[in-house]
Amino acid sequence: MSTVADAAYAHACAVLGPTEPAVEAAIVAVRRGGRVRSAVLGHARAEALRRVGEAAPADVDVEVGDDLSELARTLTFTRPALERAVVDLDTRHALDRAALGRATGLPPALAASKAAEVMLAWQRELDPVVLARLGPAACDELADLLTAAGVWRPPTAEDAVSGDAVFGDAVSGDGDADGDVGEQPDTGDAGDAAVGAARPTVADLLAVGPAVGAHVDGCAACRDRLRAMVSVRTLVGATPIATAPSAVRAAAATSRLRSSSPPPPLDDSPAPLRRWLTAAAVVAAAFVLAISGGLVVAARDRDTTTRVEALTKVPAAGAALDVAPSVVDVAPRSSVRLRNVSDAPVDWSALPDQPWLEVSPPRGRLAGGTTEEIVVSVRRTAPEGQVRAAVTFESADGSIAVVRVETTVSRNPDVAASAEGCAVTATVQDDNELAAVALHWFERVGTERVERQALMAEAAAEGAFAGSLPPTAASQEWWVTATDALGNTGRTPAQTLAAATC
């Protein structure tokens, strides 16, 4: 039972921090959850949330060091405790969809919807804070923003001497100088963040976070950095599960033979679940009133009792839809299976949370017990780089099913070229910075055709490049390629230059 004890304690610490209330919450969880891991985690979640008032608030006045994982943990404690609980259950405990539903006390679809909702909120509000700590890289506008906020400054010679010039050395390898951090997730371009002696506090970074997020929305380069950067959710999800104190392990050992009790649902249960619980309470009250009104004798009849039980049994509203898989890599399109697990037909509609995400068909009707294949694809308007999004399927009865989309958008530059004599002009359009624009041609060497190329120079017009083909007495085939900073290459169709044109 040590793994159950460790899981209960780790989850309580994720909500409360490594405090005495976390130990007490874990002990209650293993006693109530018995030997079922998801039930233990559900009780740890409920008990930790009940004790939130006993935990100390996050210390946002502490100076931020080089460990991004530590910054991420501190940032999570500036969020509502319920969000910390959902993220921890969704990332660290290897729970499948059904087990996540049991641990949250919600139908699986609603639990997945809640996890997706928190994931997107953290990406929107916390990840820009980490980007602010990493620094501006090559973006002058972000550099000005961070400098004005006092959280970054260009490195100086003194910084190089003191060894404080480049932030990220401690997070891009296998740990910190003491070797006690462990392997860190890839942070993208942490080594670009030259911070000099600027050592902001967590509060400083939180203050500039919204401005950084607004800047990222309008800056393609920073948007790509943010997508490539490890998220706060991933950083805290990679935190190892610590060994529980002896008191928690002892409680787990004495509880191994106990039956499990179901944990209570999340306090802010979605509206469909609240409606179902309310309906159940109303029906139960009506049933009690009917008994008190003289139906006791009739209820003694077995057949009548069966009919009354059938009438008062409330189906799990909000759980008619199920979608699989729950996470897809759309490159550039993928399909999911939407299923109606109830016996009654449902009308459904798809709600992508990004305008560049397309769902086909966007709505429909599913008969009871049937499945339909839904295609999820990325439009041309999607930004390049690593992208994350979600599609929520809703039905008229309040059912919700969520698909998370995690993919990489890669698009070749658009290239066009024309020749006037031997002078070649090319125009290139691409959302990313261009690495090279090259003119290619075939040249006769004896009896062989040899491909040659030369880099083209930027012309006066934006996106225009110029180059020249060598004079030749024979016709020659030529084309232009353009490669962006992500390695995507576009090319023009091959054209033929007539002999002696130059």
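**Exercise 1. State how many residues the largest nonpolar core has and which of them have the most contacts inside it.**

Step 1. The largest nonpolar core has 80 residues. A nonpolar core here is a set of buried Ala, Val, Leu, Ile, Met, Phe, Trp, Tyr and Cys residues joined through side-chain atoms within 4.5 Å. Buried means under 20% relative accessible area, exposed over 50%, and partly exposed in between, with a 1.4 Å probe and protein chains only.

Step 2. Val30, Leu71, Leu75, Trp122, Leu146, Val212 and Val248 have the most contacts inside this core.

Step 3. Apart from residues up to four places away in sequence, Leu146 touches Ala132, Gly135, Pro136, Val151, Trp152, Val208 and Val212; contact means heavy atoms within 4.5 Å.

Step 4. A second, separate core has 26 residues, among them Leu321, Val330, Val336 and Val387.

The model is predicted: local features need pLDDT of at least 70 and side-chain atom pairs count only at pLDDT 80 or more, while totals for chains, interfaces and linings use all residues. Residues are numbered from 1 along each chain as its sequence is written, and side-chain values use heavy atoms, with hydrogens and water left out.

**Exercise 2. Decide whether Val202 is buried or exposed, and find which residues are in contact with Val202.**

Step 1. Val202 lies in helix H11, residues 202–218. Helices (H or I, at least four residues) and strands (E, at least two) are DSSP runs, numbered from the N terminus.

Step 2. The relative accessibility of Val202 is 3%, so this residue counts as buried.

Step 3. With neighbours within four places in sequence set aside, Val202 is in contact with Val60, Val62, Val64, Leu71, Thr74 and Leu75. Thr74 is 128 residues away from Val202 along the chain, and their C-alpha atoms are separated by 7.9 Å.

**Exercise 3. Describe how helices H2 and H14 pack.**

Step 1. H2 covers residues 20–33, and H14 covers residues 246–254.

Step 2. Their axes are 8 Å apart, at an angle of about 10 degrees. Axes are lines fitted to C-alpha atoms, for helices over the stretch in contact, and angles run from 0 to 180 degrees between N-to-C directions.

Step 3. H2 and H14 are therefore roughly parallel to each other. Angles under 35 degrees count as roughly parallel, over 145 as roughly antiparallel, 65 to 115 as roughly perpendicular and the rest as oblique.

Step 4. From H2, Val23, Ala26, Ile27, Val30 and Arg31 meet Ala247, Val248, Ala251 and Ala252 of H14. By class, this contact has eight nonpolar, no polar and one charged residues.

Step 5. Ser246 also lies in H14 and counts as exposed because its relative accessibility is 61%. Ser246 and Val23 are 223 residues apart in sequence, with 9.8 Å from C-alpha to C-alpha.

**Exercise 4. Give the strand order of the open sheet that contains E3, and say which strands stand at its edges.**

Step 1. The order of the four strands is E3-E5-E9-E7, with antiparallel pairing. Two strands pair if DSSP finds at least two bridges between them.

Step 2. E3 (321–324) and E7 (357–360) stand at the edges with a single partner strand each, so one side of each has no neighbour in the sheet.

Step 3. Neighbouring strands are turned by 30 degrees against each other on average, direction ignored.

Step 4. Seven bridges join E5 (residues 333–340) to E9 (residues 371–378). Leu338 stands opposite Glu372 in E9, and Arg339 opposite Thr371.

Step 5. E7 is joined to E9 by four bridges; Glu358 has Ser377 in E9 as its bridge partner.

Key
Nonpolar A, V, L, I, M, F, W, Y, C, P; charged D, E, K, R; others polar.
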